[in-house]
Amino acid sequence: MGPGVQNLVVALALAGAAVYLGRRAWRRVVAARQRQSGPCGPDCGCGDH
Amino acid sequence: MSAGLRPQPLPPETAVRPLRVALVGNPNCGKSTLFNALTGRRQRVANFPGVTVDRAEGEYRHDGATVSVVDLPGMYSLAPESPDEAIAVDVLLGRLPGAEPPDVIVIVADAENLERNLFLATEILELGRPTVIALNRVDRLAHAGMQIDVVELIHELGVVVIPVVATRGEGMDRLRHAVSRAATLPAPTLDAIRAAAGAQGAPAGAALAADQRYRWIAGVMERTVTRRPRPARLSDRVDAVVLHRVWGPIIFVGLMLVMFQAMFSWARPLADGIQALVAATAAGIAAVLPPGELRSLLVDGALGGVGSVLVFLPQIAILFLFIGLLEDSGYMARAAFVMDRYMRPLGLHGKSFIPLISGYACAVPAIMSTRTIQHPKERMATIMVVPLMSCSARLPVYTLLVAAFVPAITVGGLFSLQGLTMLGMYLLGTVAALGAAAVFRRTLLRSETRALIIELPPYSLPSLRVLGNSVWQRVRLFLRRAGTVIFAISVLLWGLAAYPRARGADGRPVPPEQQLSQSALGRIGHAIEPAVRPLGYDWKIGVSMVASFAAREVFVSTMGTIYGVADAGDSRRALAQRLRAERNPVTGRAAYTPLIAMGLMAFYVFALMCTSTVTMTHKETGGGWRGALWAALQFTYMLVMAYAAAFAIYRGGLLLGLGGGA
């Protein structure tokens, strides 16, 4: 795999990670505003989901 | 029963939507186990009252129709005394906005404690809604010296009674059939009860007085239950020791000690295995990919970050195995009873103990479980201190620092110093929680502390299936976090550590350590450094601490990524070894010392670095501005405590002449 391809894959991975984390943070904010039953959900860390 | 059992057509709306069924009953009668058996869901179950504090929903198919089931928190009567009971009553009576009352109510009654369970049952029968009674745990009757005449019970109550053993899934088909049929039958009435209680003159719908209800229940028990005398149960003999004034607390502390020892000693071989697997994967990637950006991203960034967190998987599993054992054996409620004596002078109710112990796993469900505490100020004080209990997300941080800086020696020929240090961190959090509760209860949340009344469940051998499920759920969640959030953060941090690429005067790439220092991450770290320098930390720890506000484990993955970049792919050494070997490039002295590690661990004991916990506190303390104030107070007082403790340890250590690092 040449350096050009490696750089492209790395750029895509970095962009993907940034989009994923940004989207996750935004969803949490929206969910916290809307949900009646609290933040307990798949990523809450409580392990009950 | 006042009406015949001839089936009637379903109400028109139930023909097009699923039949709605609510499971209700006393706390710890097996509702959630029955819910799991009916729906195939994995709702959390344990052997103490108050496990379910919110409604949970699931469904199953029967005779081609979908049946929707809601599992409700336990309650002793329809007059709620705590927030979790209020939820159950609201759902049952259809008081929740947008939710109709259930079509069929399934009263889950513990066969061993039928008399107490019938109190709630009669109240529900008074509602005049289609009802079925699931008589749970009938397999224990013989051992308890009891026999229940189910046919007579059906006759007395005027309602279908199905004997079930929810833990083994016995009786589920009959129960499903009875539920579907109940929706088409006329609802039972309480005419017989009213007649027997001499309350015929009471206006329709008026509730019977408690003494009338108990009198009627006593009669039912006499006619349906036979008991034979039995010798003192093993459970009673065990309780004589476990609940003893002196032995009780000693046994509790001993169990905690065993748990933390196990987390260190049992997990070691497995952790070493995972470390070897991570190193082998890194070597495999290095063998396939030529040197370059992508190889560095995968080996130094992704594997450096995620791999350094994955190593702690066995310890997380052991922690949850022990907590599951304590919960399922029936010990947890007893521990609450034993510890009530010590918590009362601090202003905490004995019921606060279970949320506090649950906090060892995760503060989010622990805060939710405070709903079982009736008095608002006692509940609020518990919410405010629960996050001081060291949750499982702190475990990787403690373990990394203990493994790096505490010698692996045995103390007293029995306990490892590393295990004792871990226990010390958990004790520090626990003592801080109790101390903070005492302060809250004497200032903002002052009120009288009430006596503890708690039901002690029978001891039982923990079910391997339930235990395995509980541990698996936690392991799965940990792996999911490692594979999503921690992976993404590791990739992003690698990008910040790797760019912009620094060049020397000759235009060639600079050494990795210099590249790291001049990268975007390095610059952010140097900006943060003045705030953490008084604690003895360098910019690398500062950056990792800030990143760990996303999730505490991210501290470890960030350090893993930073050292992955700094060491340019040397994945053979574990992160702990790298930290020990780290030297200040200027002075040549050790960059990190045991003193710094102790201060850092103390910081993580006290700091509230968990957005989910802050959100949950906001909601459970009333939401809106009021909740926001409580959540802000919680975050702030814990951060101040964390900084002060880390500062005192580091500066105090320096004054005592202990090593302070670079």
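B:Asp63 is exposed, with a relative accessible area of 70%. In this predicted model, B:Asp63 sits in the loop between β2 (56–62) and β3 of chain B. Its phi is near 50°, a positive value in a residue other than glycine.

B:Asn28 also has a positive phi, near 60°, and is likewise not a glycine. This residue is found in the loop between β1 (19–25) and α1 (31–39) of chain B. Is B:Asn28 buried or exposed? B:Asn28 has a relative accessible area of 10%. That is under the 20% cut-off, so B:Asn28 counts as buried.

## A buried serine in a loop

B:Ser77 lies in the loop between β3 (65–71) and α2 (83–92) of chain B. Its relative accessible area is 15%, so B:Ser77 is buried. A polar atom of the B:Ser77 side chain lies 3.1 Å from the backbone nitrogen of B:Ala79.

Which residues does B:Ser77 touch, leaving out those up to four places away in sequence? They are B:Val89, B:Phe119, B:Leu120 and B:Glu123.

## A cis peptide bond

B:Tyr499 and B:Pro500 are joined by a cis peptide bond. Omega there is about -10°. B:Pro500 lies in the loop between α19 (464–498) and α20 (512–518) of chain B.

## Cysteines without disulfides

How many disulfides are there over all chains? The count comes to zero. Two cysteines of chain B show why, each with B:Cys362 as the closest partner. The sulfur of B:Cys391 is 6.4 Å from the sulfur of B:Cys362. A disulfide needs the two sulfur atoms within 2.5 Å, so this pair is too far for a bond. For B:Cys610, the distance to the sulfur of B:Cys362 is 6.3 Å, again too far for a bond.

Both cysteines are buried. B:Cys391 has a relative accessible area of 8%. For B:Cys610 the value is 19%.

## Packing of α16 and α27

Two packed helices are described by the angle between their axes and the distance between the axes. In chain B, helix α16 (residues 376–385) packs against helix α27 (residues 624–655) at an angle of about 45°. Their axes are 9 Å apart. That angle makes α16(B) oblique to α27(B).

Which residues of the two helices meet? From α16(B) come B:Met380, B:Ile383, B:Met384 and B:Val385. From α27(B) come B:Arg626, B:Trp630, B:Leu633, B:Gln634 and B:Tyr637.

## A glycine in chain A

A:Gly4 lies in helix α1 (residues 3–34) of chain A. Its relative accessibility is 51%. The cut-off for exposed is over 50%, so A:Gly4 counts as exposed.

A:Gly4 and A:Leu21 are 17 residues apart along the chain. Their C-alpha atoms are separated by 26 Å.

## Confidence in the model

The model scores ipTM 0.81 and pTM 0.76. Chain B has a mean pLDDT of 86, and 92% of its residues reach 70 or more. Over residues 1–5 of chain B, the pLDDT is below 50. Beyond near neighbours in sequence, this stretch has eight contacts in the model. Where pLDDT is low, the predicted coordinates should not be read in detail.

Methods. Residues are numbered from 1 along each chain as its sequence is written. Chains are lettered from A and ligands numbered from 1 in the order in which they are written. This is a predicted model: local features need pLDDT of at least 70, side-chain atom pairs count only at pLDDT 80 or more; totals for chains, interfaces and linings use all residues. Side-chain values use heavy atoms; hydrogens and water are left out. Helices (H or I, at least four residues) and strands (E, at least two) are DSSP runs, numbered from the N terminus. Buried means under 20% relative accessible area, exposed over 50%, partly exposed in between (1.4 Å probe, protein chains only). A polar contact is a pair of N or O atoms within 3.5 Å; within protein, one must be able to donate a hydrogen and the other to accept it, and residues adjacent in sequence count only if both atoms are side-chain atoms. Contact means heavy atoms within 4.5 Å. pLDDT is the predictor's confidence in each residue, from 0 to 100. Axes are lines fitted to C-alpha atoms, for helices over the stretch in contact, and angles run from 0 to 180 degrees between N-to-C directions. Angles under 35 degrees count as roughly parallel, over 145 as roughly antiparallel, 65 to 115 as roughly perpendicular and the rest as oblique.
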